[in-house]
Amino acid sequence: MSRLLVIVLVFASSLAMAKGGETPPLVDADWLNTNLDRDNLVILDVRSSIDNGGDRSRFQDAHIPGAIYSSYTGDGWRESRDGVAGLLPPVASLERLIGGLGIGNDDTVVVVPAGTGATDFGSAARVYWTFRVLGHDDVTVLNGGFAGWKAEGLEIASGEAARPAATGFEGTLQQNLIASLEEVEEARGTQAQLVDARPSDYFRGENQSPAARAPGTIPDSRSLPHVGFLGERNQAWYLNEESITAQVNAAELDPGTRTIAFCNTGHWAATDWFVLSELAGFEEVALYDGSMAEWSQDSDRPLQVAKKGLSKLLDLFN
């Protein structure tokens, strides 16, 4: 009971921060509209084809006034190495990407997804996580994304946005926010919590991503589907406060234990990381960006699938 109470209180306080002086991790359209002319505020629109969110041409048709655009799927926010998709690029590459957008270390960054689906929210969560990994904490996500902004009837701009001059951005790697393959392997024998952010059918091994070589999940992990945190309202997708509290508590996770979120390529897991680390107040949460794409490369690593007709799980390879 005490654990549930902690989660509720921390999550509630994170929303209350929107009214204070510090930038909260999640803001709504009213907050952004009020702060639109604030110095050093950068509105970063990362919409992409995910959930039919659009592209640069759609951004040119309609966007939040003053926003700049960077494609989540096309501009280098993630990369593939050694056959593993969705990995964090080197710090130097990200510094060039962010600095090239005109974003400096003193800027407040508002990451704006398309707001067109649950998977789309992961784009903003992953870019947010990337800034935090680089040591840039003055970053937030617009709940509801551009679709939510539009649904509120707020001002919309069109045309080619003025591109800021490139500037210097220096990242300082926060290794504690990243879980390596070795740490995940060790986590199975320690008290660390492994959280699978994929839909339940992937967790049970009934569905499989093309990025993974076999179905199933990492043994001893817990299912915390990212999609359960989001809901649609007025044709825009929002993180749902009530769903967050109920789902996190139902998973019976310990907020004081190091937690590692994973999925197929570190995209859906970014939503779980964002919710647990930034909203639910968990003390130490990392994202395993290699996820099942990396874990399943070696058939010697165990996978766990659900046995049909039973809730009991069994190891596929062990």
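**The open sheet and its helix**

Mentor: Four strands make an open sheet, ordered β9-β8-β12-β13, with parallel pairing. Its edge strands are β9 (222-223) and β13 (285-287), and each pairs on one side only. Strands pair here if DSSP finds at least two bridges between them. Helices (H or I, at least four residues) and strands (E, at least two) are DSSP runs, numbered from the N terminus.

The model is predicted: local features need pLDDT of at least 70, side-chain atom pairs count only at pLDDT 80 or more, and totals for chains, interfaces and linings use all residues. Residues are numbered from 1 along each chain as its sequence is written, and side-chain values use heavy atoms, leaving out hydrogens and water.

Strand β12 (residues 259-262) runs parallel to β13, and three bridges join them. T259 has V285 in β13 as its bridge partner.

Now the helix. α10 (residues 268-279) lies across β8 (193-196), β12 and β13. Helix α10 runs at about 165° to β13. Axes are lines fitted to C-alpha atoms, for helices over the stretch in contact, and angles run from 0 to 180 degrees between N-to-C directions.

α10 also packs against helix α5 (residues 118-133), at an angle of about 60° and with the axes 7 Å apart. The two helices, α5 and α10, are therefore oblique to each other. The classes are: under 35 degrees roughly parallel, over 145 roughly antiparallel, 65 to 115 roughly perpendicular, the rest oblique. α5 passes α10 in a left-handed crossing (the near helix is turned anticlockwise from the far one by less than a right angle; clockwise is right-handed).

Which residues meet? From α5 come T119, F121, G122, A125, R126, Y128, W129 and R132. From α10 come W268, A270, T271, W273, F274 and E278. Contact means heavy atoms within 4.5 Å. By class, this contact of α5 with α10 has eight nonpolar, three polar and three charged residues. Ala, Val, Leu, Ile, Met, Phe, Trp, Tyr, Cys and Pro count as nonpolar; Asp, Glu, Lys and Arg as charged; the others, Gly among them, as polar.
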